Amino acid sequence: MKTTLFFITLNLFAMTAISQKSIHDFKFNTLEGVEKSFSEFAGKKILIVNTASKCGYTPQYKELQAVHEKYGDKVVIIGFPANNFGKQEPGSNEEIADFCEKNYGVTFLMAEKVSVDGKDIHPIFKWLTEQENSSFTGSIKWNFEK
């Protein structure tokens with residue numbers, strides 16, 4: 001019985017992921033718990049970054065903030081904190097928000113902590129990593145991939 005339920009769950013998840021044809025079909029929650037739809041960003045470029053507070057690449061927050069300040073009217077930056085690689089994002093959503101604000105003055109959009117790899121991968125990352133793209137293919141391998 002458990003095997004059958006597991007099989008059905010996987011198929012329903014796969015059907016949901018396959019049915020998404022555009023990034024604008026996806027939603028996510030912010031660090032503050034507010035639901036956002038990618039459709040809100042129609043007409044703008046979207047830069048999605050998986051982030052981590054305890055990574056050697058964490059200082060990229062400063063550079064991402066600079067891009068946000070310079071091009072925020074044309075480019076939406078969304079950080080997706082993830083603890084998938086080296087357990088480098090152990091904090092809660094509140095701790096992540098505090099860290100980003102205090103250390104890097106982050107004002108660009110930050111999503112709630114998600115999984116960007118593995119069995120519990122967030123649907124947006126599952127969809128993104130399955131798209132044909134000459135500059136990025138396959139699974140996410142480390143923090144701060146864009």
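Guide: A quick definition to start: buried means under 20% relative accessible area, exposed means over 50%, and partly exposed is what falls in between (1.4 Å probe, protein chains only). This is a predicted model, where local features need pLDDT of at least 70, side-chain atom pairs count only at pLDDT 80 or more, and totals for chains, interfaces and linings use all residues. Residues are numbered from 1 along each chain as its sequence is written, and side-chain values use heavy atoms, with hydrogens and water left out.

Visitor: Is Cys55 buried or exposed?
Guide: Apply the cut-off to its relative accessibility, which is 9%. That is under 20%, so Cys55 counts as buried.

Visitor: How many disulfides does the count come to?
Guide: A disulfide here is a pair of cysteine sulfur atoms within 2.5 Å. By this rule the count comes to 0.

Visitor: In what order do the strands of the open sheet run?
Guide: Strands (E, at least two residues) and helices (H or I, at least four) are DSSP runs, numbered from the N terminus. Two strands pair if DSSP finds at least two bridges between them. E3 (45-51) and E5 (109-110) each have a single partner strand, so they stand at the edges. The order is E3-E4-E5.

Visitor: Which kind of aromatic pair do Phe80 and Phe125 form?
Guide: Rings of Phe, Tyr and Trp (its six-membered ring) pair if their centres lie within 6.5 Å; planes under 30 degrees apart are stacked, over 60 edge-to-face, the rest tilted. Phe80 and Phe125 sit 5.1 Å centre to centre, with 85 degrees between the planes. That makes the pair edge-to-face.
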